[in-house]
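Please look through this note with the model open beside you. Each point takes up one topic.

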Amino acid sequence: MLADRIRSAFIRLLRSVRRIDVVTHWRWLLLGAVLLAVVARCISYSVVATDDYVARSVHSDYGQYADIARNLVAGNGFVLYNQPNIRRAPGFPVFVAGIYAVFGESTRAVIIANTLLTVGIVLLTGILGRQ
């Protein structure tokens with residue numbers, strides 16, 4: 001059967017691969033993880049951010065976060081649809097509001113900051129995991 005052939009080929013492949021010495025090559029593995037995170041973020045943002053309707057729509061998650069961030073920067077408080085909001089956690093809207101306060105209302109600045117945050121999380125996880 002095809003499933004048995006695939007399984008036996010996979011087992012042969014696993015047996016032929018040499019074990020990677022993680023202790024010696026941890027920096028290269030961490031660099032590979034960071035590059036993979038950046039590529040994954042860039043691909044996901046290139047798919048999502050090109051559709052202006054999705055990026056600006058108040059019905060999307062990002063649209064709601066951006067609306068709350070705009071209200072925070074304007075001094076209106078944690079408001080969505082002109083009403084105080086308790087459904088969204090404050091972390092990401094405050095993060096976006098900080099970016100809006102520094103760089104203006106720029107989706108590109110949010111994407112770059114979010115990518116840098118992802119890289120930082122991957123680096124921190126790799127460094128803590130090594131200890």
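The points below go from the whole chain to single residues.

1. Ground rules. This is a predicted model: local features need pLDDT of at least 70, side-chain atom pairs count only at pLDDT 80 or more, and totals for chains, interfaces and linings use all residues. Residues are numbered from 1 along each chain as its sequence is written, and side-chain values use heavy atoms, with hydrogens and water left out.

2. Overall fold. The protein has six helices and two strands. Along the sequence, their order is α-α-α-α-β-β-α-α. Both kinds of element are DSSP runs, numbered from the N terminus: helices are H or I with at least four residues, strands are E with at least two.

3. Of the 131 residues in the protein, 27% are buried. Buried means under 20% relative accessible area, exposed means over 50%, and partly exposed is in between (1.4 Å probe, protein chains only). Now take the contacts (heavy atoms within 4.5 Å). Among those with a separation of 6 or more, 46% join residues 24 or more positions apart.

4. Surface. Accessible areas come from the Shrake-Rupley method with a 1.4 Å probe; for residues, only the protein chains shown count as cover. Trp28, Leu31 and Leu35 make a nonpolar surface patch of about 360 Å². Patches are made of residues with over 30% relative accessible area and no salt bridge; like charges are joined within 9 Å, nonpolar side chains (Val, Leu, Ile, Met, Phe, Trp, Tyr) within 5 Å. A salt bridge is a side-chain nitrogen of Lys or Arg within 4 Å of a carboxyl oxygen of Asp or Glu. Leu35 sits in helix H2 (residues 22-48).

5. Val110. Look in helix H6 (residues 107-130) for Val110. Val110 counts as buried because its relative accessibility is 3%. Which residues does Val110 contact, leaving aside its neighbours within four places in sequence? They are Tyr62, Phe92, Val96, Ile99 and Tyr100.

6. Gln64. Helix H4 (residues 61-74) holds Gln64. Is Gln64 buried or exposed? Gln64 is buried, at 13% relative accessible area. Its side chain makes a polar contact of 2.5 Å with the side chain of Arg88. A polar contact is a pair of N or O atoms within 3.5 Å; within protein, one must be able to donate a hydrogen and the other to accept it, and residues adjacent in sequence count only if both atoms are side-chain atoms.

7. Aromatic rings. Rings of Phe, Tyr and Trp (its six-membered ring) pair if their centres lie within 6.5 Å; planes under 30 degrees apart are stacked, over 60 edge-to-face, the rest tilted. The count here is two aromatic pairs. Tyr65 and Phe92 are edge-to-face, 5.2 Å centre to centre, with 75° between the planes. Tyr65 is in helix H4 and Phe92 in helix H5 (residues 91-103), so this pair ties together parts 27 residues apart in sequence. Phe92 and Phe95 are tilted, because their planes are at 35°, with centres 5.8 Å apart. Both lie in helix H5, three residues apart, about one turn of the helix. Tyr65, Phe92 and Phe95 form one aromatic cluster.
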